[in-house]
Amino acid sequence: MSDTVNTTLRKNALGVGAIVFLVLAAVAPLTGMVVVASLAIALGNGGGTPFAFFAVAVVLLLFAIGYGKMSSELVNAGGFYAFVVKGLGRPAGLAAGFIAMLGYNFFVVGTIGTSGFFMKIVIADKTGLDMPWLFWGLASIAVCYLMALRGVDFSSKILGVSLVLETSILVIFDVAVLFKDGYSFSAFSADSITSGSLSIGLLLAATGFLGFEATSLFSEEAKNPLKTVPRATYVAITLIGVILGVTTWAVVSATGVAQAQDTAIAHLPTGDLVFSLADTYIGGFLTDVMNWLLLVSLFAAMLAFHNSSSRYIFSLGRARILPQVLSKTGPSGAPYVASTVQAAFAVAVAVAFAVAGADPILTVVPSMLGFGTLAILVLQALAALSIVVHFRRKNDPRIGSTLVAPALGFIGLCFAVVLAFKHFEIVAGSDSKAVNSLPWLLVAALVGGIGYAVYLRNSRPSVYDALSSDLERFDDHLATDAATGR
């Protein structure tokens, strides 16, 4: 009997389109419009919110230029953790790994809360079946877990269908507004852009893009990853910017640009700004369809974040930072141990919240998604800095793509991080002292990562040394394929 343990993810499973589906499903465009865009209009810069989405897309595309160059050299399921190890060194990389693992795991718990809450509301309203939010949340994570075990290519197909459906309903709404009222270009006037709080508008718009960074997590499972991952990143950011930017433009045009903020504020208690407009512009039947697709969108986000979180756990296990058993993969190439641990953690935390009597939408969702948002923004900023440092060390002659663009992206991301810390109660949607103390977990992850690196260097040097060698996870034929364009 062989003692060999498989720790290899499935090779050549994903093309550009499949990775884009995985990433955009995490972004969940319909959920982004119903929740994020509505908040940005109400609490940010009102009728000027479309500008905020387009501006964030530009900043992230600048970052993506350097990201693409780094991705063409590095293939690793550790995503931004691997980027930071390569650019800023192993201690910073460990800190980034812990931040990423915390952020993505918290996100999955948050999606249990959002799925459970909205499923309870919509299903009870449409069918009369009224079950506790925890029931629906646990049912969702159970199905998500089983799908993840089928392999990442199966997940990408499911998420692709979800993405097409939820994007289609938004496009129908956009077209309806365009033909009935047209889009108001006053949304891009200086008065509109600077109305309300532009800084909060930009911050909330940035949260609408969270998930695009997961492209690199699937590089070991991609076809020709040295080209596939950069292309998927550019496509994902562009599509997110277009979908959210244009649909937000449709929303503020429908409400009236000058009245957009007041209208959005009036709908905050019920969270039905988009649905109320949809009822007017596309009718009751399609609005009902939009309600059901919101549930699909929330589930897709859960599945995408579960896959991403599992790969961070898998990668840290393979590097022996976490127990090595977490790096086991099954016949489908799925990291089944990491996936099991991730799902078990999410279920345990969600159940603990429910037992404590916590309200899902007032406590579970804001605390988990708020912290996850902050963690991923910090991770993106660290990755941007890593790209700049890595290519400067190499004296790379491509100044525009390896210094100027990623440096501008880094500055923009740092601005977002500062805003997220300053306005964390808005990001988290809560004024609870317990919730607003969560950013201290990032400090703990930073100190813990650096401290653990010092321990490994002194007590387990073979593991510490392997942190760098574990980064290079592609075969020689991949470099050949990239060079020949295959």
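Trainee: Let me start with a cysteine: is C414 buried, partly exposed or exposed?
Mentor: Bearing in mind that this is a predicted model, C414 has a relative accessibility of 26% and therefore counts as partly exposed, since the buried class ends under 20% and the exposed class begins over 50%.

Trainee: And C144, buried or exposed?
Mentor: C144 is buried, with a relative accessible area of 0%.

Trainee: How many disulfides does the structure hold?
Mentor: The structure holds zero disulfides, a disulfide being a covalent bond between the sulfur atoms of two cysteines.

Trainee: Switching to helices, how do α5 and α13 cross?
Mentor: Helix α5 covers residues 90-127 and helix α13 covers residues 283-318, and their axes come within 9 Å and cross at roughly 160 degrees. That angle makes α5 roughly antiparallel to α13, because angles over 145 degrees are put in that class. The crossing of α5 past α13 is left-handed.

Trainee: What classes of residue make up the contact of α5 with α13?
Mentor: That contact has 20 nonpolar residues, 10 polar ones and two charged ones.

Trainee: What about α5 and α19, at what angle do they cross?
Mentor: The axes of α5 and helix α19, which spans residues 440-459, cross at roughly 140 degrees and come within 7 Å. Here α5 is oblique to α19, and the crossing is right-handed.

Trainee: Which residues make that contact?
Mentor: On the α5 side they are P91, L94, A95, F98, I99, L102 and F106, while α19 brings L441, L442, A445, L446, G448, G449, I450, Y452, A453 and L456. By class, the contact of α5 with α19 divides into 15 nonpolar residues, two polar and no charged.

Trainee: You mentioned G448 there; how far is it from T373?
Mentor: T373 and G448 are 75 residues apart in sequence, and their C-alpha atoms are 20 Å apart in space.

Trainee: Where does T373 sit, and is it buried or exposed?
Mentor: T373 lies in helix α15, and with 7% relative accessibility it counts as buried. Once its neighbours within four places in sequence are left aside, T373 is in contact with F107, T207, L210 and V427.

Trainee: Since we are in α15, how does that helix cross α3?
Mentor: Helix α3, residues 49-71, and helix α15, residues 360-393, have axes that come within 10 Å and cross at roughly 55 degrees. This makes α3 oblique to α15, and the two cross in a left-handed sense.

Trainee: Which residues meet there?
Mentor: From α3, L60, F63, G66, Y67, K69 and M70 meet Q380, A383, A384, S386, I387, H390 and F391 from α15. Sorted by class, the contact of α3 with α15 has eight nonpolar, four polar and one charged residues.

Trainee: Last topic, the backbone: what is the phi of R320?
Mentor: Although it is not a glycine, R320 has a positive phi of about 65 degrees. R320 is placed in the loop between α13 and α14, and at 30% relative accessibility it counts as partly exposed.

Trainee: And what about the phi of N395?
Mentor: N395, also a residue other than glycine, has a positive phi near 55 degrees. N395 lies in the loop between α15 and α16 and is exposed, with a relative accessible area of 62%.

Technical notes. Residues numbered from 1 in each chain as written. Predicted model: local features only at pLDDT ≥ 70, side-chain atom pairs only at ≥ 80, totals over all residues. Heavy atoms only, no water. Axes fitted to C-alpha atoms, helices over the stretch in contact; angles between N-to-C directions. Helix = DSSP H or I, 4+ residues; strand = E, 2+ residues; numbered from the N terminus. Parallel < 35°, antiparallel > 145°, perpendicular 65-115°, else oblique. Left-handed = near helix turned anticlockwise from the far one by under 90°. Nonpolar A, V, L, I, M, F, W, Y, C, P; charged D, E, K, R; others polar. Contact = heavy atoms within 4.5 Å. Disulfide = S-S within 2.5 Å. Buried < 20%, exposed > 50% of the residue type's maximum accessible area, 1.4 Å probe, protein only.
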